[in-house]
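User: Hi! I'm new to looking at protein models. Could you walk me through this one?

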Amino acid sequence: MAQPYLTTVLGDRPASSMKLILPHEHILVDFAGADTASPSRYDAEAVYQKALPQLKQAKALGVECVVECTPEYLGRDVRLMRRLSQASGMQIIVPTGMYAASNYKFIPKWAYDASTEQLASRWIMEHWEGIEGSGIRPGFIKIGVNPQMADMERKLVRAAAQAHRQTGLSIASHTGGGPAIEQQLAILREEGVHPSALVWVHANGEPDFERLVRVARTGCWVEFDGLSEGSLEQHLQLVLQMKRAGLLHRVLISHDAGWYAVGEPDGGTWRPFTLLSEKLLPALAGAGLSASEIRWLTSTNPVRAFAVGVRKGS
């Protein structure tokens, strides 16, 4: 059996080679909407010059891979990501998929009439043939849902499940708190997809800890992102609670930081990819997590969550 691998913008890499992975970050985002977002709206060189030192700074702290979670119609630029990866030495993983959160602002008009199978086929094609003629293949499927799921969300989740079955790519779903995560898991079950194929993005927004536990016990990945100075204590306590519940092996941690914001002066204010290394991990160690437990959070878990070739359900 082939060894599990991560698909980066520079090609497939052995999953075992990654020691510190940030599973949810952004480098470039355009919030203009599906009908407006375009490479013509930004200077790729300006993005490169702003992002490169940030990636190098994270790399110097031991980060080896960034999962860049910006999907199509929100500013995805895979050629720029490849250039940044080559210059920084940082492995970067980009997605296929589509984002319905924010009340469908980032859904193109054609997608409303597209069938589930047509959406799935589009994402499967990007996996096999590369994105937009670049030869760069996606390393996961990114979707987003609103708190109250409707037909569009259900279609995206079902299409992602079908694409997963054909490609092995994991599904990262912008969800936040609420029952939408359980609705997505029900659709995956209908499609014959194990919950371990799904990453619950922004799970730190869930106020009911029992729901976090219940979902994690299905095998779904529970991601505490949005790490900032203001949320440092919350993230610390969430991880410690999950450890006490015996579920540290289902937890992912990241910043949901960056990024060059198209349309803002000089791309706006960049939040670095460094707080996890500089403060959260030392705080976790100080709270009693062992070196092996921290390794689970920073390497083992994200590898198992995103690598192709990992048996789902394990």
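User: Where does Gln91 lie?
Analyst: Gln91 lies in strand β6. Keep in mind as we go that this is a predicted model.

User: Okay! And is Gln91 buried or exposed?
Analyst: Gln91 has a relative accessible area of 14%. Buried means under 20%, so Gln91 counts as buried.

User: Which residues is Gln91 in contact with, leaving aside its neighbours within four places in sequence?
Analyst: Gln91 is in contact with Thr8, Leu10, Arg13, Met18, Glu64, Cys65, Val66 and Ser85.

User: What is the order of the strands in the open sheet?
Analyst: The order is β3-β5-β6, three strands with parallel pairing.

User: Which strands stand at the edges?
Analyst: Those are β3 (21-25) and β6 (91-93). Each has a single partner strand, so one side of each has no neighbour in the sheet. From one strand to the next, the twist averages 20°.

User: How many bridges join β3 to β5?
Analyst: Three bridges join them, and the two strands run parallel. Strand β5 covers residues 65-68. As for who faces whom, Ile21 stands opposite Cys65 in β5.

User: Nice, I do! Which helix lies across β3 and β5?
Analyst: That's helix α10, residues 291-306. Helix α10 runs at about 60° to β3.

User: Let's switch to helices, then. At what angle do α4 and α5 pack?
Analyst: Helix α4 (residues 116-129) and helix α5 (residues 151-167) pack at about 40°, and their axes are 8 Å apart. That angle is why the two helices are called oblique to each other. Their crossing is right-handed.

User: Which residues in α4 meet α5?
Analyst: On the α4 side they are Thr116, Glu117, Leu119, Ala120, Trp123, Ile124, His127 and Trp128. Their partners in α5 include Leu156, Ala159, Ala163 and Gln166. By class, the contact has nine nonpolar, five polar and three charged residues.

User: One more: what about Leu236, is it buried or exposed?
Analyst: Leu236 lies in helix α8, residues 232-244. Its relative accessibility is 11%, so Leu236 counts as buried.

User: And which residues is Leu236 in contact with, again skipping neighbours within four places in sequence?
Analyst: Leu236 is in contact with Leu280, Ala283, Leu284 and Ala287.

User: How far apart are Leu236 and Phe224?
Analyst: They are 12 residues apart in sequence and 9.8 Å apart in space, going from C-alpha to C-alpha.

Note on methods: Residues numbered from 1 in each chain as written. Predicted model: local features only at pLDDT ≥ 70, side-chain atom pairs only at ≥ 80, totals over all residues. Heavy atoms only, no water. Axes fitted to C-alpha atoms, helices over the stretch in contact; angles between N-to-C directions. Helix = DSSP H or I, 4+ residues; strand = E, 2+ residues; numbered from the N terminus. Parallel < 35°, antiparallel > 145°, perpendicular 65-115°, else oblique. Left-handed = near helix turned anticlockwise from the far one by under 90°. Contact = heavy atoms within 4.5 Å. Nonpolar A, V, L, I, M, F, W, Y, C, P; charged D, E, K, R; others polar. Buried < 20%, exposed > 50% of the residue type's maximum accessible area, 1.4 Å probe, protein only. Pairing = 2+ DSSP bridges.
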